[in-house]
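Keep the viewer open as you read.

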Amino acid sequence: MSTAPRIGLFGGTFDPPHLAHVALARAAMSALALSRLLWIPAGQPWQKTRVITAAEHREAMVNLAIGNEPGWALERCELQRSGPSYMLDTVQTLQQRGPAEATWFLVIGEDQLAGLHTWHRFEDLLQRVTLAVAGRPGHWPALDPRVQALAAQAVPLPPMPHSATQVRAMASRGEDISGLVPAPVARYIAQHRLYAGG
Ligand code: ATP
């Protein structure tokens, strides 16, 4: 069997990271037989119109969500880059870094698949990575025919209704979010009063 590394790229705003992110990351590791999964917090998520929590907090929370899970790592390149966070730039940077023989997977949820044709130069991006998609409960727009034509691997994930939007809303009302985010992330949110009154 080939020993070439299989690397998953898992981008997101992670504002905050929640338990569906963790479950999706685990499911991707096993379904795609990944050697590594890089969690990539977006620096400036160009498709989000609301105010995003400071990068240092999102980075700290992703680190807490990663914990000691084997193969998982935080990738900071989008936090270090100025300008909009385009996944194509990220993939080019990481592939240049290597290893050259690696196989690369772009891990996304179904909502992102529905908007994939709006991503910056998405067809160039998809030349470089294999798409891996997990289902997400919700009603998503029909796929663009160009996206429908793409080969994608399925990442089996039981339906998980979690969203960062829901976590932020509950935290802002002072509700208990412990069932929605990893315990260290819940503690971090409380300590730093993130989302309070927001
Ligand atoms: P927000 O509610 O702020 O839009 P989010 O919960 O969608 O945030 P992101 O950080 O934008 O979180 O998501 C990162 C990645 O994780 C995306 O590819 C997204 O599709 C996927 N994802 C997030 N939540 C789920 C879920 N419940 N089921 C499947 N995939 C998910």
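The accessible surface of the chain comes to about 10,000 Å², and carbon and sulfur atoms account for 52% of that area. Please keep in mind that this is a predicted model.

**Overall build**

The chain holds 9 helices and 6 strands. Its C-alpha trace spans about 50 × 35 × 35 Å along the principal axes.

Buried residues make up 46% of the 198 in the chain. Among contacts with a separation of 6 or more, 72% join residues 24 or more positions apart.

**The nonpolar cores**

The largest nonpolar core has 37 residues. Within it, Phe10, Leu32, Leu37, Trp39, Trp72, Val107 and Val155 touch the most other members. Helices H1 (19–31), H2 (55–66), H8 (164–172) and H9 (183–191) each give two or more residues to this core, as do strands E2 (36–41), E4 (103–109) and E5 (130–134). Which element gives the largest share? That is H1, with 7 residues.

Setting aside its neighbours within four places in sequence, Leu32 is in contact with Arg6, Phe105, Val107, Ala132, Gln153 and Val155. A second, separate core of 23 residues includes Ile108, Leu113, Val129 and Val147.

**Backbone features to look at**

Most residues other than glycine have a negative phi, and most peptide bonds are trans. The table gathers four places that depart from this pattern.

| Site | Backbone feature | Value |
|---|---|---|
| Asp15 to Pro16 | cis peptide bond | omega near 0 degrees |
| Gly98 to Pro99 | cis peptide bond | omega near 5 degrees |
| Ala33 | positive phi | near 50 degrees |
| Arg193 | positive phi | about 50 degrees |

Where do these sit along the chain? Pro16 is in the loop between strand E1 (6–12) and H1, while Pro99 is in the loop between helix H4 (87–97) and E4. Ala33 belongs to the loop between H1 and E2, and Arg193 to the segment after H9.

**Pro156, a loop residue**

One more residue is worth a stop. Pro156 lies in the loop between strand E6 (152–155) and H8. Is Pro156 buried or exposed? With 59% relative accessibility, Pro156 counts as exposed. Even so, Pro156 has partners from elsewhere in the sequence: leaving aside neighbours within four places, Pro156 is in contact with Ala27 and Ala31. Pro156 and Ala134 are 22 residues apart in sequence, yet their C-alpha atoms are 6.1 Å apart in space.

Terms used. Residues are numbered from 1 along each chain as its sequence is written. This is a predicted model: local features need pLDDT of at least 70, side-chain atom pairs count only at pLDDT 80 or more; totals for chains, interfaces and linings use all residues. Side-chain values use heavy atoms; hydrogens and water are left out. A nonpolar core is a set of buried Ala, Val, Leu, Ile, Met, Phe, Trp, Tyr and Cys residues joined through side-chain atoms within 4.5 Å. Buried means under 20% relative accessible area, exposed over 50%, partly exposed in between (1.4 Å probe, protein chains only). Helices (H or I, at least four residues) and strands (E, at least two) are DSSP runs, numbered from the N terminus. Contact means heavy atoms within 4.5 Å. Accessible areas come from the Shrake-Rupley method with a 1.4 Å probe; for residues, only the protein chains shown count as cover.
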